[in-house]
Amino acid sequence: LLFSLFREKKRRRVVELTEKMLVDGDTGSTSDWDDRWNHIKKFLERSGPFMHPDFEPSTESLQFMLETCKILVIGAGGLGCELLKNLALSGFRNIHVVDMDTIDVSNLNRQFLFRAKDVGRPKADVAADFINSQFHIIVCGLDSIVARRWMNGMLLSLLVYEDGVLDPSSIIPLIDGGTEGFKGNARVIFPGMTACIDCTLELYPPQINFPMCTIASMPRLPEHCIEYVRILLWPKEMPFGDDVSLDGDDPEHIQWVYQKSLERAAEFSITGVTYRLTQGVVKRIIPAVASTNAAIAAACATEVFKIASSAYLPLNNYMVFNDVDGLYTYTFEAERKENCSACSQVPSDLHFSPSSKLQEVLDYLTESTSLQMKSPAITTTMDGKNKTLYLQVINLPFKLGLADGQELAVADVTTPQTVLFKLCFTS
Ligand SMILES: [Zn+2]
């Protein structure tokens with residue numbers, strides 16, 4: 001279905017384009033030298049054993065990729081830059097890049113928002129319009145799970161359902177690449193059809209921290225010494241005054257932590273504390289490995305090529321790559337989660353006893369491995385009015401207001417949409 005849809009979109013746009021070219025008298029290919037796209041044409045203009053069964057080789061696919069297909073690349077770091085190069089060399093010319101210098105979802109919004117005409121409009125609406133009206137495929141080369149989930153939620157919010165049936169033309173495919181040191185993954189998501197980011201949230205484990213007893217009394221690694229200074233010494237000594245929290249981007253802060261970590265390391269005869277490592281630990285930097293980025297970017301760009309040309313079946317749907325020790329890779333089909341809070345269209349049940357407190361719900365929303373929210377804000381409807389459940393009441397039991405079956409709407413940075421839950425009282 002999706003492939004025929006893409007073919008149709010493509011055909012329509014090629015027709016539009018050809019008409020436009022006739023009007024402009026522009027051949028559109030002046031910057032190409034002869035045979036520039038020969039390597040691509042070999043895949044698109046003749047048939048082969050791995051082709052999509054419904055694909056008919058023609059010159060249209062290349063035309064579509066060169067002139068019409070618009071791709072949004074999110075992230076221009078190690079992975080993103082590699083991706084951009086691969087896409088450009090594969091024949092994609094309409095590439096829009098959104099980069100975030102710091103990991104912050106509000107930044108993602110700002111990038112979309114930077115247009116005077118949009119002032120005063122809801123951020124999520126502007127972002128939705130921007131994506132929906134422009135792009136055929138979205139590629140994420142991000143190092144932030146929150147930003148990835150936000151993008152996932154955005155694409156889900158663009159889906160159109162008619163009588164509960166998904167309109168396939170509202171689907172914008174998401175190709176997601178991620179790397180962490182020597183490990184990486186590439187996945188293909190058709191929002192509303194295949195497993196989304198939140199369906200497989202358990203695959204992203206919460207940050208691993210060193211046990212506190214190791215940090216406090218039995219350090220063995222240079223990292224333990226740096227963590228000791230970061231977690232225990234800084235709050236105790238407050239070297240830059242009260243209320244000044246440790247800033248990983250402030251060289252004076254890092255210098256202080258570095259010196260104290262050296263002292264701590266000397267005490268336990270531990271070597272290896274460096275300024276660079278100190279900054280890495282404080283800022284939680286996992287070293288980027290160029291070869292991992294290259295492999296994952298290549299896999300992602302290949303998927304973009306397959307989907308845009310509709311000449312090959314896309315990855316189904318998750319590829320894991322690991323070159324920590326030798327080289328290991330496999331693919332599997334991540335399955336949709338029936339009650340996924342992002343893509344299931346059904347409010348998930350929250351089971352609590354009537355004497356539970358709002359704080360317990362908040363804890364659950366942030367600590368559950370399948371939700372991993374960051375700073376949830378809950379609203380509900382009471383007596384026909386929308387009510388925000390304020391922090392002041394978090395320690396009061398539900399029976400003072402909330403009822404069994406009550407719907408709770410939760411807003412969080414991990415998604416542009418509010419997520420609905422249904423409160424179910426357990427006895
Ligand atoms: Zn999902």
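How are the donor residues of the zinc ion spaced in sequence? They follow the pattern C-x2-C-x140-C-x2-C.

## Basis of the report

This is a predicted model, in which local features need pLDDT of at least 70 and side-chain atom pairs count only at pLDDT 80 or more, while totals for chains, interfaces and linings use all residues. Residues are numbered from 1 along each chain as its sequence is written, and side-chain values use heavy atoms, with hydrogens and water left out.

## The zinc site

The SG atoms of Cys196, Cys199, Cys340 and Cys343 coordinate the zinc ion at 2.2 to 2.3 Å, where donors are N, O and S atoms within 2.8 Å of the metal (3.2 Å for Na, K and Ca). Cys196 lies in the loop between β7 (183-189) and α8 (212-217), and Cys340 in the loop between β9 (328-332) and β10 (348-352), so the pair ties together parts that are 144 residues apart in sequence. Helices (H or I, at least four residues) and strands (E, at least two) are DSSP runs, numbered from the N terminus.

Cys196 is buried because its relative accessibility is 0%, and Cys340 is also buried, with a relative accessible area of 1%. Buried means under 20% relative accessible area, exposed over 50%, and partly exposed in between (1.4 Å probe, protein chains only).

## A residue listed in UniProt

An unreviewed UniProt entry lists Cys213 for "active site", although such annotations may be inferred rather than shown by experiment. Cys213 is found in helix α8 and is partly exposed, with a relative accessible area of 45%.
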